[in-house]
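Please consult the sequence and the structure shown here alongside the text.

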Amino acid sequence: MGKVTQLRVSGGKVPKQHMWEAVRENQAGFSLRIISAASGQPIAQVKAYILAMRNAQLVELVDETGDVKDHRWRLVRDEGADHPRLRSNGQRSIHGLGLENLWRAMRILKKMTAAEAAEMASVNGVRVTQAYALNYFTVLVKAGYLIASNHDSKRAQTFEFAHGMDTGPRHPVVQRMESIQVFDSNTDKMVYSKSASVGISVASEPANDVEQENLRLRKLVTEFVETSSTGPSVSLLQRAQLELAE
Amino acid sequence: MSVTKIVPLTNVGLLAGAINRATSRPVGLPGLVAMYGPSGFGKSAAAAYSANMHRAYYVECRDAWSKKAFLLAILREMTIFPARTMSEMVDQIAVQLSTSMRPLIVDDVQYLLDKAVANALTDIYNASQGTIVLIGEERVPASLAKLERLHNRVLEWVPAQAATLDDLRALAKSSYPKLVFADDLLIDLNQATRGCLRRAAVNLYKVQSEAAAMMLDHVDLKAWGQRGWFTGEAPSRRAR
C-alpha cells in the first residue's frame, strides 16, 4: 500500500474527528488501544464509534485474538477528511445538516430572506422551516455575522454577511445557556444561582473520564505538596493507594 | 433597496438533474458538468440548491487568482490543512474528492479557463475522476473548446434558460404574496428584461411600490401604463 495522502482538518475538531484521523492514519491495522492513544479519547468512546463504523461497513475485524482492546481492525472504505456522521446502528445521521445547509446557501448567495434560505436548505430529507431559519439568522445578526435589512411590512427581511464575517465552510454553532436564580424577597437575598451551557460542555467542566481522572490526581498531588512538612495523613495515603490500585 | 433574487426555478431543476446524473454515472464516463448563461439568470441559486443537495464543495473564482490561490481556496472549502507544494495540494484535493464522493462546484469559471490555472482544473479532474461542476458566463463553451483535455470530459452541457412566464409568476408570488400581477404585465416585463431574473426582480419591486402608492391590489399592463421598465440601459438623451 502506498503512502497515505495527509488530510488533516484545519480549525477546531470534535472528538470523533480526532478518532477518525487516527483511524485513517493507521488504516491498514489498528486496535482500540492504538486509536485511543493517538486521538486522546477514552477507550469506551473509541469503542462505540468503531462499532458504529463496523455497522456502517466502513471497518472490519481482522484479528480477534487477545483482549478486546487489542483486536485488530482494518479500514475498508475511506471517506476522506471529514469523520463519518453515524448513529450507533451505522445509519447516517443528518443531525446538524439543516444549519450546515443554511450557512452554505448564505455563503453562495450572499443575500437572502429566511424563506428562501429555508427552501434552499430543505433537501435530501433535511427539513428546515422558515421560523427555524429566521431564528438562526437572527442569532447570527446578534453575533455580528449577518446584517438584516430594515423592517418593512410589505416584504420579508433580507440578510447578508457583515464585512469579513464569512469565516469559512463550517457553520457557527449556537449554544444556549441555561441559568436559574432563586431570589427571596423576605430576606432580600439571592438564595441560589446556577448557569450551565446546554450542548457542548464548557472548558471548566471535565468532559470525559480521562479529564476527570486527571483532575482527581492533580488534587491528590497538591495535597501531598501541602503536607510535605508534616508528612501525609492516613486518609491521604489510603486514597493514593486506591488510585494506584486501579 | 434590497431585491430578493431567487426562488427554485427552471434552472435550479436543470442543474440539480445534471449533477444527479453525473454523480451516479457508470464507471468510465466522464464527470464534468458545465452550466453557462448570462449573468442574472439564476445560476448561483441553482448552484446553492445543488450544493446543499450533494453537500458539494463550492468555490467562486476571482480574476486575480493564481494556480496556488485556486488550490488553497478549494482546500479551505474542504477544511483541509494544506500541504507545502502545489502537487501535494492537488493530491489532497483529488483524494478528498474521490473518497468523499462529494462534487466540486466551480462558479465564475470563465476567469480561470483562459489562463494557466485551467491546467490545475484538469489535474484535479484526472487525479480524482470525481464530479466537477463548472458554472460560468456565455463564453464558457468556447473557452472550454480550446482546452481539449477538459472539453472531451464534459458529460453534460447545461445552458441556463431565460426566465419563463411561470418563473416570473413564482417570483412575483413569493416576493409579494398580497399583490396580484396580471399575466399581460409579466409577459411585457419578461420581454423587456429578456429573461433576466435579477432585472425582473428589480422591476417587480418598482411595480409593487407604485401599486402601494395607488392603493391597488391588482396590477395589469393598463394600470402600469407608460411607466416603462428598468432594463439596465442608461436613459437616452431627450431632444431639445
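## Cysteines and burial

A residue is called buried when its relative accessible area is under 20%, and exposed when that area is over 50%. The structure discussed here is a predicted model. B:Cys196 has a relative accessible area of 9% and is therefore buried. B:Cys61 is also assigned to the buried class, because its relative accessibility is 4%.

With sulfur atoms required to lie within 2.5 Å of each other, the count of disulfides over all chains is zero.

## Domains of chain A

Chain A is assigned two segments: domain 1 covers 2-75, and domain 2 covers 97-245. Taken over C-alpha atoms, the centres of domain 1 of chain A and domain 2 of chain A are separated by 27 Å.

## The sheet of chain B

Chain B contains an open sheet of five strands with parallel pairing, in the order β2-β3-β4-β1-β5. The edges are formed by β2 (57-60) and β5 (154-159) of chain B; each has a single partner strand, so one side of each lacks a neighbour in the sheet. From one strand to the next, the twist averages 15°.

Within this chain, strand β3 (residues 104-107) of chain B runs parallel to strand β4 (residues 132-136) of chain B, and three bridges join them. B:Leu104 has B:Ile132 in β4(B) as its bridge partner.

## Helix packing

Helix α1 (residues 10-23) of chain B packs on the sheet and touches β1 (32-36), β4 and β5 of chain B. The direction of helix α1 of chain B makes about 175° with that of β5(B).

Conventions
Residues are numbered from 1 along each chain as its sequence is written. Chains are lettered from A and ligands numbered from 1 in the order in which they are written. This is a predicted model: local features need pLDDT of at least 70, side-chain atom pairs count only at pLDDT 80 or more; totals for chains, interfaces and linings use all residues. Side-chain values use heavy atoms; hydrogens and water are left out. Domain bounds come from an automatic or database domain assignment. Buried means under 20% relative accessible area, exposed over 50%, partly exposed in between (1.4 Å probe, protein chains only). Two strands pair if DSSP finds at least two bridges between them. Helices (H or I, at least four residues) and strands (E, at least two) are DSSP runs, numbered from the N terminus. Axes are lines fitted to C-alpha atoms, for helices over the stretch in contact, and angles run from 0 to 180 degrees between N-to-C directions. Contact means heavy atoms within 4.5 Å.
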